[in-house]
Amino acid sequence: MNTEHTDIVLVTDCNSQSVLFLDYIHQKTGCRVSALSPQDRFPVPEGSRVLVLLDGDHVQEKDLLAWNTRAEESDAIILSAFNVRDNKQVMELLIGIHLRGVFYRQDSLELICKGIIKLLGGELWISRPLSAMLIDFYRRQQVNTYRPVCGLTRRELEIVTLLVSGASNTEIAEKLFVSEHTVKSHLYNLFRKINVHNRIQATNWARQNLGTIPVMASRYANGRR
């Protein structure tokens with residue numbers, strides 16, 4: 001593996017433990033390593049690639065979505081989740097975020113380095129239980145696709161679809177050529193109809209009921225073990 005133009009970036013609340021962790025990864029992979037606070041940006045040098053480890057305990061939704069936008073704009077960025085509690089948290093992270101790898105809190109350093117090498121080689125890194133969950137999720141979506149959508153209007157369906165993509169109220173308003181006030185009004189009615197209280201719950205509902213699946217679901221075949 002050529003590591004000359006490869007960076008590994010840990011996005012977390014930086015501390016002495018993260019420094020030791022990155023030192024270990026550098027020794028095992030030979031890649032350049034660095035740590036960033038969740039709000040910081042990492043400049044991707046021309047001709048380089050970057051494996052980003054997003055700390056599931058410290059990176060907020062808006063920062064996750066910002067990194068996802070960068071990854072969609074650049075093939076050089078590989079997103080993975082790090083320090084994840086369980087597969088339930090993974091499924092929440094997969095909402096609108098293109099993760100290619102998942103590292104759990106209990107994973108050993110040796111296993112993490114093995115996964116990093118696989119990711120840099122162009123493979124996915126997910127556990128077999130998560131693969132099974134994604135397969136089951138996909139199957140359920142095929143059934144849910146044919147169910148009624150709870151009396152939502154066409155506009156509400158458009159808005160919830162944009163919510164799943166991570167769009168803000170301003171972005172939704174721009175895409176639909178309406179005011180932000182109108183978007184908020186639609187969101188209020190939408191939340192009431194599907195009995196949720198916030199954007200994350202609405203996105204989860206859409207995943208379960210509108211046939212929208214996590215971005216990793218169709219790529220489970222190259223699991224990690």
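Guide: We begin with contact, which means heavy atoms within 4.5 Å. Leaving aside neighbours within four places in sequence, Leu130 is in contact with Asn87, Val90, Met91, Val102 and Tyr104. This is a predicted model, in which local features need pLDDT of at least 70 and side-chain atom pairs count only at pLDDT 80 or more, while totals for chains, interfaces and linings use all residues. Residues are numbered from 1 along each chain as its sequence is written, and side-chain values use heavy atoms, with hydrogens and water left out.

Visitor: Which residues have the most contacts inside the largest nonpolar core?

Guide: A nonpolar core is a set of buried Ala, Val, Leu, Ile, Met, Phe, Trp, Tyr and Cys residues joined through side-chain atoms within 4.5 Å. Buried means under 20% relative accessible area, exposed over 50%, and partly exposed in between (1.4 Å probe, protein chains only). The largest such core has 28 residues, and those with the most contacts inside it are Val52, Leu54, Trp67, Leu79, Leu99 and Leu130. Among the elements that give it two or more residues are strand S1 (6-11), helix H2 (61-73) and helix H5 (128-144). Helices (H or I, at least four residues) and strands (E, at least two) are DSSP runs, numbered from the N terminus. A second, separate core of 19 residues includes Val160, Leu162, Val183 and Leu190.

Visitor: What covers the buried residues of H6?

Guide: Helix H6 (residues 154-164) has Glu156, Ile159, Val160, Leu162, Leu163 and Val164 as its buried residues. Their cover includes helix H7 (169-176), helix H8 (180-194) and helix H9 (199-209). Just after H6, Gly166 takes a positive phi of about 95°.

Visitor: Is Ser48 buried or exposed?

Guide: Ser48 is buried, its relative accessible area being 9%. Ser48 lies in the loop between strand S2 (32-36) and strand S3 (49-55). Beyond its neighbours within four places in sequence, Ser48 is in contact with His5, Asp7, Arg32 and Ala76. Ser18, found in helix H1 (residues 16-29), also counts as buried, at 7% relative accessibility.

Visitor: How many disulfides does the structure hold?

Guide: A disulfide is a pair of cysteine sulfur atoms within 2.5 Å. The structure holds 0 disulfides.
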